[in-house]
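Please keep the sequence and the model in view while reading.

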Amino acid sequence: MKRVYVNEKWCLACHLCEYYCAFANSGEKSMVKALKNLKINPRIHIEEKNGISFAVSCRHCEEPLCVKGCISGALSQKDGVILIDQNKCVGCYTCVLSCPYGAISPTETGVMQKCELCTTNASGTPACVKGCPNGAIVFEERGTV
Amino acid sequence: MKHIIIGNSAAGIGCVEGIRRLHPDDEIYLLSDEKYHTYSRPLISYLLEGKTDLERMKYRSDDFYEKNKVTFMPGERVVKINPATKKITTESGTRLSYDDLLCATGSSPFIPTTPGYESVQNAFTFSSLDDALALQEALTEESRVLIIGAGLIGLKCAEGIRDLCRKITVVDLANRVLSSILDEQTAPIIQKKLEENGIRFLPEDCVASYKNGEAHMKSGKVIPFDILVTCVGVRPNTELLKTAGAKTGKGIQIDDHSRTSLPNIYAAGDCTECLDISSGQQKVLALLPNAYKQGETAGINMAGGDHSFKDSIPMNAIGFFGLHMITAGTYEGSVLDKSENGNIKKLFYQDDLLKGFIMIGDVDKAGIYTALIREQIPLSSIDFDLIAQTPGLMAFSKKYRDETLGGVRYGY
Ligand SMILES: Cc1cc2nc3c(=O)[nH]c(=O)nc-3n(C[C@H](O)[C@H](O)[C@H](O)COP(=O)(O)OP(=O)(O)OC[C@H]3O[C@@H](n4cnc5c(N)ncnc54)[C@H](O)[C@@H]3O)c2cc1C
């Protein structure tokens, strides 16, 4: 299955992926309306230190600890993509406790959000990948995680 | 092959999904003495709080049994397992034979013997949907509620019914709330949060007797109440398999393949005991993620696969009135206290391993610490100072990141 992969050598720490992610998941048509003067809460996050930087988002693990541990049944795996049903989620944080990558985080309303590879929003293919100016994030088939 | 699963909750559902990973067509019979479609047990307090409803709290979709070709038999209590004939008998007299069987019977609330308990008018426990619905039915705006036990279940119950009654008092034998997962330094933070929300806590006390709607405490205090909820702990439901001859301790003994000591019989979830790798001790880890994984492991093996689950640890994510906490592992060894700005973070480490942690408030990326415990990652192989400050993948080797984030395959 195709996944989002990062090549930290090419990452400029420009944080554009975070903005594209927040925009794609905002449901807004205009980027200005979606992002301007708002504190963004994206599903991909840049880690950076001493000149090293890289983006972290859900790995869509084949053996997802978040899904297996989800106490409400809100997380599921469909065709390899790990999805969250925010209507079922009660914000218990068991997935935050379980994810070894720190890739699940709360929304403003307290339920959880995570990368769904833009399969559930209007972008269709991962917006972070489309928006990365340096090819540091790619969407490719490379075997298992 | 014909598989029988007893118990329609996390472990039982994990088993169905485990079997179906390998065999789409094996026969599966799923029996439960509860009458409901599989539901999320931990959500019963959220139900009373109004944060979920009967529809949304279903643990799997309405078409789960059909899609997975499961013969679901609700309201059937299994009363006997005969390992010699490979047959089970239910209370209603139904008999079924199996090739492999999973016992996922969970746990039951423990009720200490206290003089006068039988005479209490409105006495409840808080472990099932029926418990929650009965409690909801009994509660009025005027109710004074007494909850025995300030553990996870007692406090979740208190939070759930907070707006449905007049007064809530929680008592515990311990000197603090959540004594099994919080230490003396951190428990008062949660106690304060509960008290701010009108929940009274009475530590180091227990009920000596119940008389005329009053709890007479060992300390001499007298607490009048209208509704009593006993949440002092749960006991694994081991009787079925114990009678059938399986080895049991506190819970049913299983190996890392979820096999019991009896041939073709597996067990999973709250009815079992297993090895906690963070402490090296056999424990009953009555936790949903553990139940699911043990059930799934059993299912894969029942379907002829070879799967083991070897990294059980205690771990809890729980919140009260918007204040979240995540804890995991065992609080052994040296302590590194990284608490700041009102957020608590205590890391416990020993022999180059992270053993446990307590986080309250900011719990972002806590799972990275959980992974250090579960995978027993040598702290000398990562930047421990950095990760202790901020959980992140930056503290790991470039090779680790290339593999996990970059999809790079190194030859081994
Ligand atoms: C209020 C509450 C809050 C909780 N919160 C959390 C939480 O936040 N995080 C967490 O990890 N865990 C939590 N738990 C614990 C979690 O619910 C359990 O660990 C989990 O449900 C265990 O699943 P199980 O399948 O092993 O057993 P159970 O969920 O106990 O299910 C066992 C099933 O088997 C049935 N059964 C038993 N005997 C028989 C028989 N003889 N014949 C037929 N059927 C039988 C039972 O009726 C039951 O339906 C909570 C529990 C409660 C009560």
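## Basis

Buried area is the accessible area, taken with a 1.4 Å probe, that two parts lose on being put together, summed over both. The size of an interface is often given in this way. The model described here is predicted.

## Interface between chains A and B

Chain A and chain B bury about 3500 Å² between them. Of this area, 59% lies on carbon and sulfur atoms. Three residues stand out on chain A: A:Lys68, A:Ile71 and A:Leu97. Together they supply 20% of the area that chain A buries against chain B, more than any other three residues. In terms of contacts, 37 residues of chain A meet 44 residues of chain B.

## Polar links and make-up

Four salt bridges are counted between chain A and chain B. A:Glu63 forms a salt bridge with B:Arg21. The closest N and O atoms of A:Glu63 and B:Arg21 are 2.5 Å apart.

Which elements of chain A each supply at least two residues of the side that touches chain B? Three are strands: S1 (2-6), S2 (45-49) and S3 (52-56). Two are helices: H3 (65-69) and H4 (94-98). By class, this side of chain A has 19 nonpolar, nine polar and nine charged residues.

## Ligand site

The ligand is surrounded by 30 residues. The closest are B:Ser9, B:Asp33, B:Glu34, B:Arg41 and B:Asp270. Why is the site shared between chains? The residues that surround the ligand come from chains A and B, so both chains take part in the site. By class, the shell has 16 nonpolar, eight polar and six charged residues.

## Ligand contacts and cover

B:Ser9 places an N or O atom of its side chain 2.6 Å from an oxygen atom of the ligand. At B:Ala10, a polar backbone atom is 3.3 Å from a ligand oxygen atom. A nitrogen atom of the ligand lies 2.9 Å from a backbone N or O atom of B:Val78.

On its own, the ligand has 1000 Å² of accessible area, and the protein covers 91% of that. Helix H1 (10-22) and helix H8 (288-302) of chain B are the elements that give two or more residues to the shell. H8(B) gives the largest share, three residues.

Technical notes
Residues are numbered from 1 along each chain as its sequence is written. Chains are lettered from A and ligands numbered from 1 in the order in which they are written. This is a predicted model: local features need pLDDT of at least 70, side-chain atom pairs count only at pLDDT 80 or more; totals for chains, interfaces and linings use all residues. Side-chain values use heavy atoms; hydrogens and water are left out. Contact means heavy atoms within 4.5 Å. A salt bridge is a side-chain nitrogen of Lys or Arg within 4 Å of a carboxyl oxygen of Asp or Glu. Helices (H or I, at least four residues) and strands (E, at least two) are DSSP runs, numbered from the N terminus. Ala, Val, Leu, Ile, Met, Phe, Trp, Tyr, Cys and Pro count as nonpolar, Asp, Glu, Lys and Arg as charged, and the others, Gly among them, as polar. A residue is near a molecule or strand if one of its heavy atoms lies within 4 Å of it. A polar contact is a pair of N or O atoms within 3.5 Å; within protein, one must be able to donate a hydrogen and the other to accept it, and residues adjacent in sequence count only if both atoms are side-chain atoms. Accessible areas come from the Shrake-Rupley method with a 1.4 Å probe; for residues, only the protein chains shown count as cover.
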